[in-house]
Amino acid sequence: MKISTSIGATLAAATLACTFPAAAQTVKIGLISSYSGPGAAQGDQIDKGVKLYMKLNADKLPPGVKVELITRDDTGANGDVAKRVAQELIVRDKVQILTGVVWTPNMAAIAPLTAEAKVPFISANAAGAKVVGMSPYVARLSFTLCQSAYPLGQWASKKYKRAYTAVSDFAPGHEAEGCFIRGFKEGGGEVIGSVRIPLANPDFVPFMQRIKDAKPDALFAFNPAGKQATAMMKAYGDLGMDKANIKYLGTGDITTDEELQGMGDAALGVITVHHYSAAAERPANKAFVAAYKKEYGADLNPGFMVVGAWDAMDAIYTAIRVQGGKIDPDKTMEIIKQYKNANSPRGPVSVDPETRDVINPEYLREVRKVGGKLANVELETITNAIKDPLKEFEKKK
Amino acid sequence: MEAFFSSLVSVAFHGVAYGMILYVISVGLSVTMGLMGFTNLAHGVFAMAGGYILCSALARFQMPFPLALALSFVLVAAASVVLERLLYSRLYGAAELEQVLFTIGLIFMSVAVARLVFGTLQQPVLLPEYLKGPFTILGREFPVYRVFLIVFSATMIAGLWLGVERTLWGAMVRAAVDNRAMAQSIGINTRRLFTITFAVGSGLAGLGGALGAEIVAIQPTYPFEQLVYFLIVVSVGGLGNLRGPFVAALLIGITDTACKYWVPQFGAFFIYAATICLLLWRPAGLFGSRA
């Protein structure tokens, strides 16, 4: 008797919930990021992007729908921990959507769980090419390295004849190296040498001296955003390589907006291709940067990871809005595959329905001083929409 | 041939400079661990503190560089006296495991505190103009800051060596470390002696962190990330003397640089392989007097 009453009550509640979707609904979102360990500076950017979006966009939710954010620390590039916290979020906290993750290996560890539990995962960073394909419930709104390295190679081949490449020795570094070389060679350039530098490396000078002695016209560099990029830039400046007419080129990772001030004048004149610069003049970006500075301090600039997190949240909020706050994993993925935003801080951004990977604009930028501070000044738009070139190459094969 | 000679010169220079950087960030540990025999894994905490003091003094208070360097020595030394009296002195006689656990705990706490106070980004080092740019030797250009590091470290090792191996203070420290009871019984105030020596060692760590900050970035995880380099330098050099770590740092710096320059594809392994070989050959280190 008791049982049947409670079933009756549950049914009644369920019917009510169906008829009045506006009655207090809570969508649980799990955010996995690096809050401690060597990647804490990057994890912090994602955290700030997600929270800033939520604070400023509460009105984009349907009436009566609330979002609850549950954060977890993956402690750095650590697949095991990432998998464990993702499991906790799914099983114990019952989150309906996951986001975050700085590191590609962490996303690779989480991807199989999202397929098993049918929980959509919208990546805010993790740029390794292959991870999105690992589960139908993973989509990405950050970038891939090839999206910037390949067009940079094509552009550089028109201006420089001989290039040297120096990348950090891990998977994204290898991708960046391969894509730059492909673009550079297609345009008729010659790569006279390539070096892969270990990730734990306190001194870049010996590598840079070797490159200087080889006398290339241009040096293509990729390091993960952060102190490695700064140390390599300093070695470039210390050895006077700019005066030896070796142009420093790279993906936007080497001149991130948040680290740029710490690099000093050695960074002046460095040319990068990337999808986001805090110095961009688009009105959407100006508003975004102003909001960020108001929230976190006038001296801080949002880097591309803040924008990755911001756009990932925008896609998630779109999915929540379209479904009226009732999250169905498959419908969510269908909505996110169609996601488009012409007014992201980075410009037009969308998701490729076929690969669930991001389609980005790419800009050619130069580090210049603006108002006494270093900034990535956008010189020209290379493309308004580029799919991940690596996947396109594979299709052609 | 001329190209080869010129690359030889640059490898020698950068090798010595890198060796000096390694030495400078480890010199404090060669005092607290090498000389005093305390397994002070938290050495990096003092070095990081020195680095933060230098960066803040330069950026926020626009202090001249030499004054900021001196400040990083003095403040870290003063703070270490408090730590030594409150915590370290209780563990002088303790087993190594206890010292390790204590100092590792200290690292965890300092990483969290540094993150809270300074945030996660690395600190910019605003070098004065006279330490920037290239410096020409033998028709090749070398970074001024590295030339400065080499000269400064050479002076520092000479001073330290004279102080520890040629003065009464040095003799008392060595005596007290070897046999504390006997040293006390002949009238040495070992408590005060250890406090002063610990303060000097920590002050040097702070100075080293500050000097190296331009090359080895100062950020909250510094004490963990650099720990392996400190330990390599001190263990390869050998405990119980100050020359050892200096020679070890130079040796590692030069060979590591040569390896990275000529065979960069193996650059990552060399420093570890060399450490293993050296320690297999001489388990107590190059100049180790006790294992």
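The model is a predicted one, so to speak: local features need pLDDT of at least 70, side-chain atom pairs count only at pLDDT 80 or more, and totals for chains, interfaces and linings use all residues. Residues are numbered from 1 along each chain as its sequence is written, with chains lettered from A and ligands numbered from 1 in the order in which they are written.

Chain A holds an open, parallel sheet of five strands, ordered E2-E1-E3-E4-E5. Strands here are DSSP runs of E with at least two residues, helices are runs of H or I with at least four, and both are numbered from the N terminus; two strands pair if DSSP finds at least two bridges between them. From one strand to the next, the twist averages 25°. Further in, E1 (residues 25-33) and E3 (residues 97-100) of chain A run parallel and are joined by four bridges, with A:Leu31 opposite A:Thr99 in E3(A).

Helix H11 (residues 304-322) of chain A lies across E1, E2, E3 and E4 (121-123), running at about 150° to E4(A). Axes are lines fitted to C-alpha atoms, for helices over the stretch in contact, and angles run from 0 to 180 degrees between N-to-C directions.

As for the two chains, 26 residues of chain B are in contact with 26 of chain A (C-beta atoms, placed from the backbone, within 7 Å). On the chain B side, H1 (2-35), E2 (140-143), H11 (243-262) and H12 (267-281) each give two or more residues, and H1(B) has the largest share, five residues.
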